[in-house]
Amino acid sequence: MAKKKAAGSKVSAKAAKKAKAATKIERKEKKKSGAKSKVIQEEDDDEDLEAILEKMRREWEEAHSVTEELAETPSRRANATLTACPNGNHLWCIGGEFFSDDNKAYFYKDVFRYNPEKDEWRKFVSKVCPGPRSAHAVAAAPAGGGKLFLFGGEFSSINQNTFHHYADFWVFDITTHSWDRIETKERPSARSGHRMAIWKHYIVLFGGFYDPGITTRYLNDLWLFDTQEYKWREIKFTLTELRPTPRSGFSFLPTPDGIVLHGGYCKEYAKGKRPVGVMLEDTWFLNLTLTTPEAGMTSKADPLKVKWERRKRPSTAYAPPLRSGCTMAVWQHKSMGVQFGGVTDEDTSEETLESVFWNDLNAYVWIGKGRWVSLILKKPKKKGKAGKSGKPKPPQSHNWTTHHDDEDGDWDNDNEDGKITLQKNVPSVTKVDADEDAINPDDPVLTTPMPRYNAMLAVLKNTLYLYGGIFEKGNTEYTLDDFYKIDLDKMDRFVCLKESNIFIDDKDEESSDDDDDDEDEDEDEDDDERGEEDEETREPEAGDDREDPVQVTEETETPLAGEDDVETPPSVTDDGLRTKATQFMGVARDTTRSAEDVISTPLPGETLAMFYARSREYWAQAAHARGAGDNRGKQLRRDGFVLAENRYAEYKPVLKEVEKILAEAGLDEEEMRRGAAAGPIGTQAHSRNRR
């Protein structure tokens, strides 16, 4: 019996051992299969990742693919940039705007390259690029094969109902001809008319303006972009530190020790008065010092020192007459900035803006305390007239003239903000020297381009290139497309590389004068007719103590003026409120609006009391017309106020959104109130191009 029990235990032990071995083998098989599946999964993941990277690479190449094509000279445009290539013998033209005769606005995003050796233009097109714009700024850096940095600018719809200022930052690689957008947490605000310059590995940005449609805000903030760290930072100044006043359209010249700022344009806003354009002619130097810590030493102090210094010009020193629309181009070889043309505006009245256009060449030498020189074309030698000694005079290497007195006019330069007053008229066009009998056809002055402002300038080696610009005659504005060059070392003559086919009618000015006379006569006739109608329709009003009684011209009920022309404002819940607000700002700038539309529409920053105060008579007439002449006195004023209140309530959501947009642009409540107190823009003379 015992033997049988022992044999049974042995069998069970062997069975358990076999089961354990089988389990062990099964585990090993599972482990092997798991390892194999893991390897297979990892291989699949690697293949998927490689496929994803390959797909991303193809998409990037497709987006950054560049089409290069032979092109004609860029079409007519203004406020584009013409930049000398930092690592080659080319010019780069980017963007611009053109306003047609029917007041349509066209903006461009083209990138053109000019080869002086071949006299050839090429156009580069890519999917990834900045949007169409004008009045932007470009700075060229030689590092990495050459790059062009672009910031800001402006754009509007074709009918100029919506406006937009850019705050984007782009870099153009000259070697690959491709664009990349640079995204940073901190950056300058949206703007136009600003300037940028490269100093060492920093891009320096200053000034500009922001115009959302109601009022123009000019800027004087200073920003630096580190091209090594790809970071923006704003340079702050205390209230006691000197710095230039807000402006746009100025010259910004990089030098080995800093940057020279000269001139510019801005508008002054006074309470209850229309804006007045101001031309600036002060000169500043931005002193930049970069210190490096000693070996083995660490310092928490900022290695970059920044300080503004004002350069004062002696009262007897020469300077070009006051002007705007003339940014200088850098001529590094001679340490100077070269200036051509410009415009001098005299804002004589609310309806008149007299302008003098220039076509002279001047240069600012920034060495030392700085001085102005006049660049004059060499006169051709007269045959048979040698010197007293009979020997020809040695040729001059340059034909620069430095004036030490103000022969052409007296200028008041005592104003600290750079504003000066024209005391005496100065000729605007370079005079052609002539003999007593006839004009010398070889006179180089005859090659001088016609007067203009906002011409695009660039100096490549020792040659100045000049493209386009704007000229005005009468009420007509001409955007030019001619292309010139001149050797600044020789100063012998201008060479026309492309003539302009634009016909400038000499009758424009005369016709504009005739139109003004006809308009005056029509206005006089209308005034007489209105006077007769008023006498017939005016009725005495008992119990009305107002000084100006309501004048009724119709006894039938009429809709409010402008109701059919002005789009009904959206409700507060409208998802497109921001779009409507932007459109409202564009319409507010339209100078062709009827007087009824202007006076019956509230302005941003305008309270109900302010709105009713300036439009009280309009609403009284509207209430009188709606009441069929039954209302009189205080009741009529109350009915008029109700109509004004209803109109203000309709526009309130849009006005609030517009005020948000203005606040984002940096305008505070007081500035909005000041802009509203100045009243609607109306038809006063103004220029969008003095920037």
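Lys498 and Asp481 form a salt bridge, with 2.8 Å between the closest N and O atoms. A salt bridge here is a side-chain nitrogen of Lys or Arg within 4 Å of a carboxyl oxygen of Asp or Glu. Lys498 sits in strand E28 (residues 495-498) and Asp481 in strand E27 (residues 476-487), so the pair ties together parts that are 17 residues apart in sequence. Strands (E, at least two residues) and helices (H or I, at least four) are DSSP runs, numbered from the N terminus. Asp481 is buried, at 10% relative accessible area. Buried means under 20% relative accessible area, exposed means over 50%, and partly exposed lies in between (1.4 Å probe, protein chains only).

This is a predicted model: local features need pLDDT of at least 70, side-chain atom pairs count only at pLDDT 80 or more, and totals for chains, interfaces and linings use all residues. Residues are numbered from 1 along each chain as its sequence is written, and side-chain values use heavy atoms, with hydrogens and water left out.

**Salt bridges**

Side chains of opposite charge can pair when their charged atoms come close. The structure holds 17 salt bridges. The table lists some of them.

| Pair | N to O distance |
|---|---|
| Lys498 and Asp481 | 2.8 Å |
| Asp360 and Arg323 | 2.8 Å |
| Asp173 and Lys147 | 3.1 Å |

Take Asp173 and Lys147, whose side chains meet in a salt bridge. This pair links distant parts of the chain: Asp173 is in strand E10 (residues 169-173), Lys147 is in strand E7 (residues 147-151), and they are 26 residues apart. Asp173 is buried, at 16% relative accessibility.

Next come Asp360 and Arg323, also joined by a salt bridge. Asp360 lies in strand E22 (residues 354-365), and Arg323 lies in the loop between strand E19 (304-311) and strand E20 (329-331), so the pair ties together parts 37 residues apart in sequence. Asp360 is buried at 17% relative accessibility. Arg323 is buried too, with a relative accessible area of 5%.

**A network around Arg113**

Salt bridges also link Glu68, Arg113, Glu120 and Arg122 in a network. Arg113 belongs to strand E4 (residues 105-115). Arg113 counts as buried because its relative accessibility is 15%. Leaving out residues up to four places away in sequence, Arg113 touches Glu68, His90, Leu91, Trp92, Glu120, Trp121, Arg122, Phe124 and His177. Contact means heavy atoms within 4.5 Å.

**Lys652**

Is Lys652 buried or partly exposed? Lys652 is partly exposed, at 42% relative accessible area. Lys652 lies in helix H6 (residues 633-664). Lys652 and Pro602 are 50 residues apart in sequence, and their C-alpha atoms are 8.7 Å apart in space.
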